[in-house]
Amino acid sequence: MGDLSIKNVPEAQIAALRARAERNHRTPEEGLRAVIDEVLRDVAEKNEKTMSISELSAFVQSLGMPTGGEATQTIREDRRSR
């Protein structure tokens with residue numbers, strides 16, 4: 001399984017994702033995977049095609065959303081801000 005890191009997510013979106021995960025008795029990571037699964041199912045229904053991880057990564061990058069090895073730094077910054 002691969003890793004996906006998204007930087008510069010607005011705090012309101014982070015809070016909403018955490019609240020959604022909690023409502024569904026999931027960890028934030030499980031909640032985000034569920035969101036990705038829902039999006040990919042919607043794409044499959046519309047296009048009758050599912051995206052591979054590399055296609056999803058390319059799509060995210062095309063939106064200007066950074067990915068990669070910044071996760072550790074982002075997590076540390078988030079923990080320090082609490």
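This is a predicted model: local features need pLDDT of at least 70, side-chain atom pairs count only at pLDDT 80 or more; totals for chains, interfaces and linings use all residues.
Trainee: Where does Asn 8 lie?

Mentor: Asn 8 lies in the segment before H1. Residues are numbered from 1 along each chain as its sequence is written, and side-chain values use heavy atoms, without hydrogens and water.

Trainee: Why is Asn 8 called exposed?

Mentor: Relative accessible area decides: buried is under 20%, exposed is over 50%, and partly exposed is in between, with a 1.4 Å probe and protein chains only. Asn 8 has 70% relative accessibility, so Asn 8 counts as exposed. Its phi is near 60°, a positive value in a residue other than glycine.

Trainee: What makes His 25 exposed?

Mentor: His 25 has a relative accessible area of 76%, so His 25 is exposed. His 25 lies in the loop between H1 and H2. Phi of His 25 is near 55°, again positive in a residue other than glycine.

Trainee: Arg 26 lies in that loop too. Why is Arg 26 called partly exposed?

Mentor: Arg 26 has 36% relative accessibility, so Arg 26 counts as partly exposed.

Trainee: Which residues is Arg 26 in contact with, leaving aside its neighbours within four places in sequence?

Mentor: Contact means heavy atoms within 4.5 Å. Arg 26 is in contact with Ala 21, Gly 31 and Ala 34.

Trainee: Why are H1 and H2 called roughly perpendicular?

Mentor: Axes are lines fitted to C-alpha atoms, for helices over the stretch in contact, and angles run from 0 to 180 degrees between N-to-C directions. Under 35 degrees is roughly parallel, over 145 roughly antiparallel, 65 to 115 roughly perpendicular, and the rest oblique. The axes of H1 and H2 (residues 28-47) come within 8 Å and cross at roughly 95°. H1 and H2 are therefore roughly perpendicular. On H1 the contact is made by Leu 17, Arg 18, Arg 20 and Ala 21, and on H2 by Pro 28, Gly 31, Leu 32, Val 35 and Glu 38.

Trainee: How many of the residues in the contact of H1 with H2 are nonpolar, polar and charged?

Mentor: They divide into 5 nonpolar, 1 polar and 3 charged. Ala, Val, Leu, Ile, Met, Phe, Trp, Tyr, Cys and Pro count as nonpolar, Asp, Glu, Lys and Arg as charged, and the others, Gly among them, as polar.

Trainee: What makes Val 60 buried?

Mentor: Val 60 has a relative accessible area of 9%, so Val 60 is buried. Val 60 lies in helix H3 (residues 53-62). Val 60 and Leu 4 are 56 residues apart in sequence and 9.9 Å apart in space, C-alpha to C-alpha.

Trainee: Why is Ile 75 called partly exposed?

Mentor: Ile 75 has a relative accessible area of 41%, so Ile 75 is partly exposed. Ile 75 lies in helix H4.

Trainee: Where is confidence lowest, and where is it highest?

Mentor: pLDDT is the predictor's confidence in each residue, from 0 to 100. Confidence is lowest in H4 (residues 71-80), at a mean of 75, and highest in H1 (residues 11-23), at 89. The protein's mean pLDDT is 81, and 87% of its residues reach 70 or more.

Definitions and conventions: Helices (H or I, at least four residues) and strands (E, at least two) are DSSP runs, numbered from the N terminus.
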